[in-house]
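Here is a short tour of a protein chain, taken one local feature at a time. Keep the 3D view open as you read.

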Amino acid sequence: MKKRVKIQWFVYALVFALFLYIGYKVPYCHDEWRWGTDARFQLMKRGFAGYNGRYLGNLLAVLITRSVMAKTLVIAVGVVWLFHVMYKNIYFKEEKKTKENLFLLLSCAFLILSLPATLFQQSYGWPAAFVNFFPPVFLFLIYYNWTEWIYCGYQKTPLWKTFLVIPAGISVQLFSEHVTIFVLLYAVWVAVYTLVRYRKLPVIQVNFLWSSILGAYFMFSNGSYTKAATGTGYKKISFNGMPEQFISKIWYHLLINNWVLNVILAGILLFLIIKRGKKNFLTAEMSVVFCGFSVYSVFHKVYPQWVFDSNEMLNNGINTILAILFFANVLLCIWNVVDKNERISMCILYLSSGAVAAPLLAANPIGARCFYISYIFQALVVLKLLRYLVIRYKTDLFYPVLAMGVIVCILAVIYIRIFLAIGQVNDYRSQLIQAGIEQNQKEIVLPILPYSEYCWQTVPPTEEWEKDFKDFYHIPQDVTLRFE
């Protein structure tokens with residue numbers, strides 16, 4: 001037991017150290033420039049009235065823009081917390097399962113690190129997005145872990161969880177709108193499912209239901225959503241463009257872009273199909289879909305310019321059909337090849353990755369950051385499947401553990417090198433700004449940061465953002481900035 005705990009905390013420490021470094025080096029960008037101004041601080045004093053209902057996310061945004069240490073710790077602690085919550089969902093409690101747990105722990109670390117670049121950029125590489133789209137993920141998964149027993153057999157809940165779920169239920173609702181809607185619907189689903197299956201309704205579910213309703217009320221009572229519905233605010237809610245949103249954006253970020261996840265998921269499910277030994281039309285169809293879509297995901301990553309048709313809408317439509325086929329077949333395969341006690345929770349979690357994206361159909365603007373929670377749900381399904389394989393097919397895990405450990409270390413070294421380069425140039429940029437201000441220069445030439453695909457916009461895209469950039473770095477507004 002002690003050996004297992006030591007190994008676990010050593011891996012935790014490595015992940016924490018990596019994201020402590022990333023959090024320290026990731027530059028302030030885009031929204032942080034505006035959050036660092038006095039105008040946003042005054043907005044906080046007014047309770048963010050008319051701005052949005054992301055109250056906790058906004059408070060964190062104010063905090064991280066006023067302290068580099070706060071930015072560093074929020075990112076590092078947040079990632080390790082999520083890492084812990086995901087691992088708690090899949091680990092073996094038996095003391096003899098040390099190698100199995102180490103394999104699952106390293107696999108969890110790998111999936112947290114192997115995000116597509118676009119998703120990495122808008123989560124770990126964009127602090128202001130991180131504080132809005134990251135915290136609700138682990139807050140929801142805490143409740144999911146505490147109530148997952150409903151899918152396999154009734155269990156009693158400790159009293160402390162029954163009460164602690166109340167602040168968690170309110171807090172999870174105050175970060176991002178589509179997650180708020182999903183969490184509320186999931187709370188209703190859990191209560192109804194438990195009531196129908198067990199003829200009981202545990203207090204923990206009642207507490208989470210009313211607290212999530214209260215949190216959702218706090219969020220959507222903000223006047224900004226009336227402006228969004230009427231099209232007069234920065235954010236817009238419109239049902240007119242839903243088909244185009246569904247075809248052109250949702251399925252790309254939900255599935256096609258997650259090529260690493262797709263390949264691993266397809267590989268596991270193909271292995272289970274082969275081990276099952278049944279040869280019929282259904283297994284052949286699933287095999288074709290898994291092989292075809294995983295290969296296409298990789299090819300699309302390597303050569304994104306390739307298209308099915310020059311008509312953009314038609315090409316997006318074909319991509320959407322392929323993604324839906326893959327999504328449906330994953331659910332179908334899990335339901336057919338996984339044991340009853342395991343398959344319900346896996347299917348619910350995979351369905352949730354799509355359901356949480358549904359409110360985005362009517363939202364604008366949206367980006368890859370909105371799909372971080374969907375990626376984590378799908379990653380957790382992969383981890384559950386790996387756990388299922390470990391249980392069902394006994395094998396020596398020495399080489400899988402070794403391979404996964406090496407892969408995680410290589411990824412860590414790659415990210416350290418990326419953010420070392422970003423940090424060096426960003427520090428040099430700060431020196432140039434300071435020197436330019438002290439010397440009263442009328443023009444300051446600043447270098448463009450390297451590896452721009454791993455951090456959000458670090459060059460002001462418009463004159464309005466350039467004004468915020470100057471305010472954030474205390475540059476006089478009459479000074480000309482040039483980035484090269």
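Phenylalanine 48 counts as buried at 3% relative accessibility, where buried means under 20% relative accessible area, exposed means over 50% and partly exposed lies in between (1.4 Å probe, protein chains only). You will find phenylalanine 48 in the loop between H3 and H4; helices (H or I, at least four residues) and strands (E, at least two) are DSSP runs numbered from the N terminus. Its backbone is worth a look, as phenylalanine 48 has a positive phi of about 55 degrees although it is not a glycine. Most residues other than glycine have a negative phi, and most peptide bonds are trans.

A word on the source: this is a predicted model, in which local features need pLDDT of at least 70 and side-chain atom pairs count only at pLDDT 80 or more, while totals for chains, interfaces and linings use all residues. Residues are numbered from 1 along each chain as its sequence is written, and side-chain values use heavy atoms, with hydrogens and water left out.

Arginine 199 also has a positive phi without being a glycine, here of about 60 degrees. Arginine 199 sits in the loop between H11 and H12 and counts as exposed, at 66% relative accessibility. For a cis peptide bond, turn to the step from asparagine 364 to proline 365, with omega near 0 degrees. Proline 365 belongs to the loop between strand E2 (363–364) and helix H19 (372–392).

Now to the aromatic rings. Searching the whole structure gives 51 aromatic pairs. Rings of Phe, Tyr and Trp (its six-membered ring) pair if their centres lie within 6.5 Å; planes under 30 degrees apart count as stacked, over 60 as edge-to-face and the rest as tilted. The pair of phenylalanine 19 and tyrosine 124 is edge-to-face, because the ring centres are 5.0 Å apart and the planes stand at 70 degrees. Phenylalanine 19 lies in helix H1 (residues 2–25) and tyrosine 124 in the loop between helix H7 (117–121) and helix H8 (127–133), so this pair ties together parts that are 105 residues apart in sequence. Phenylalanine 19 and tyrosine 124 are both buried.

With tyrosine 151 and tyrosine 193, the centres are 5.5 Å apart and the planes at 55 degrees, so that pair is tilted. Tyrosine 151 is in the loop between helix H9 (135–147) and helix H10 (159–171), and tyrosine 193 is in helix H11 (residues 177–198), so the pair ties together parts 42 residues apart in sequence. Both tyrosine 151 and tyrosine 193 are buried.

One aromatic cluster includes Phe19, Trp81, Phe120, Tyr124 and Phe130, as well as Tyr372 and Tyr454.

Two rings carry a charge over them, meaning that NZ of Lys or CZ of Arg is within 6 Å of the ring centre and within 35 degrees of the ring normal.

| Charged residue | Ring | Distance from ring centre |
|---|---|---|
| Lysine 200 | Tyrosine 154 | 4.6 Å |
| Arginine 343 | Tryptophan 335 | 4.2 Å |

Leaving aside neighbours within four places in sequence, isoleucine 112 is in contact (heavy atoms within 4.5 Å) with Phe19, Val79, Phe83, Met86 and Tyr124. Isoleucine 112 is buried, with a relative accessible area of 2%.

How do the helices pack? Two packed helices are described by the angle between their axes and the distance between the axes. Axes are lines fitted to C-alpha atoms, for helices over the stretch in contact, and angles run from 0 to 180 degrees between N-to-C directions. Angles under 35 degrees count as roughly parallel, over 145 as roughly antiparallel, 65 to 115 as roughly perpendicular and the rest as oblique. The axes of H9 and H10 come within 10 Å and cross at roughly 150 degrees, and H9 and H10 are therefore roughly antiparallel. H9 passes H10 in a left-handed crossing; a crossing is left-handed if the near helix is turned anticlockwise from the far one by less than a right angle, and right-handed if clockwise. Leu139, Tyr143 and Trp146 in H9 meet residues of H10 including Trp160 and Leu164.

The axes of H10 and helix H12 (residues 203–220) come within 7 Å and cross at roughly 15 degrees. That makes H10 roughly parallel to H12, and their crossing is right-handed.
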